[in-house]
Amino acid sequence: MKKQIQKIREMKKWKFSWRLLWENFVFQQDGHFYKMPTFLAKNIMYRKTDSYEKVIDSMRIIKKYFGPLTKIPKTEILKDSSWHYIIKQKNIVGEKLTKKHLNNNPKLLSKFKRLIIANEIMWLQQGVFLDLLWSDILTKPQTIHNLLTDGKNIFVFDFGLLEKSSKNILFRYFSHFARWFQLLFVKKFF
């Protein structure tokens, strides 16, 4: 496993991610996506938290609430030497879920609606919420950026969960606002 982590670190040196101010540094290589916390995330979001354990727990919750409704790509979660995660996910052949996909496919629309309900139940029972929109919603409002589709299935690709009771007060307030905004946005536009 140490060799695999070292290889991923070497690949990362030659990659650029415009999302440096967000939670994950993300890059694609050899049929996989790699995600690891950015410098900002390590020092703010995960300053007093074991990010590896957090992602393991998030994955467990995602599988419980969304596994029966959606597909989850083959995912391996590695723990690097600084107690942070490295997520290795198999690339999915598909595209980001759009309003057009939902309008043209009643089965996808049904799955999407059930996913929204499961997300709300997860917030009530677990105190966490899957952010479906993220920042890209401003540039492409007809697209759900954290869900992918192959035309038949919906894939949950991101495991970053917003928290109702985060230790980080800024993240906690952001989580409540993002949940409110997401529900309002989905009701109005989807």
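A crossing of two helices is left-handed if the near helix is turned anticlockwise from the far one by less than a right angle. The exercises below use this term on a predicted model.

**Exercise 1. Describe how helix α5 packs against helix α6.**

Solution.
- Two packed helices are described by the angle between their axes and the distance between the axes.
- For α5 (residues 106-126) and α6 (residues 169-189), the angle is about 155° and the axes are 12 Å apart.
- Angles over 145 degrees count as roughly antiparallel, so α5 is roughly antiparallel to α6.
- The crossing of these helices, α5 and α6, is left-handed.
- On the α5 side, the contact is made by Phe112, Ile116, Asn119, Glu120 and Trp123. On the α6 side, Ser175, His176, Arg179, Gln182, Leu183 and Val186 take part.
- Sorted by class, the contact of α5 with α6 has five nonpolar, four polar and two charged residues.

**Exercise 2. Find the pairing partners of strand β4 and state how far β4 is enclosed.**

Solution.
- Strand β2 (residues 32-37) pairs with β4 in the antiparallel sense, over four bridges. Within this pairing, tyrosine 34 has lysine 88 of β4 as its bridge partner.
- Strand β3 (residues 75-79) also pairs with β4 in the antiparallel sense, over five bridges. Here threonine 75 is the bridge partner of glutamine 89 in β4.
- The hairpin of β3 and β4 has five residues between the strands, and in this hairpin tryptophan 83 takes a positive phi near 70°.
- Five of the six residues of β4 (residues 85-90) are buried, so the strand is largely enclosed by the rest of the structure.

**Exercise 3. Decide whether leucine 132 is buried or exposed, and list its contacts outside the local sequence.**

Solution.
- Leucine 132 is in the loop between β6 (128-130) and β7.
- Buried means under 20% relative accessible area; leucine 132 has 0% relative accessibility and therefore counts as buried.
- Neighbours within four places in sequence aside, leucine 132 is in contact with Leu115, Ile116, Asn119, Ile144, His145, Asn146, Leu147 and Gln182.
- For leucine 132 and isoleucine 116, the C-alpha to C-alpha distance is 9.4 Å, with a separation of 16 residues in sequence.
- Ile116 and Asn119 of α5 and Gln182 of α6 also belong to the helix contact of Exercise 1.

**Exercise 4. Repeat the assignment for asparagine 153.**

Solution.
- Asparagine 153 is in the loop between β7 (143-149) and β8 (154-156).
- The relative accessibility of asparagine 153 is 18%, so this residue counts as buried.
- Not counting residues up to four places away in sequence, asparagine 153 touches Lys71, Leu108, Lys111 and Leu148.

Definitions and conventions:
Residues are numbered from 1 along each chain as its sequence is written. This is a predicted model: local features need pLDDT of at least 70, side-chain atom pairs count only at pLDDT 80 or more; totals for chains, interfaces and linings use all residues. Side-chain values use heavy atoms; hydrogens and water are left out. Axes are lines fitted to C-alpha atoms, for helices over the stretch in contact, and angles run from 0 to 180 degrees between N-to-C directions. Helices (H or I, at least four residues) and strands (E, at least two) are DSSP runs, numbered from the N terminus. Angles under 35 degrees count as roughly parallel, over 145 as roughly antiparallel, 65 to 115 as roughly perpendicular and the rest as oblique. Contact means heavy atoms within 4.5 Å. Ala, Val, Leu, Ile, Met, Phe, Trp, Tyr, Cys and Pro count as nonpolar, Asp, Glu, Lys and Arg as charged, and the others, Gly among them, as polar. Buried means under 20% relative accessible area, exposed over 50%, partly exposed in between (1.4 Å probe, protein chains only). Two strands pair if DSSP finds at least two bridges between them.
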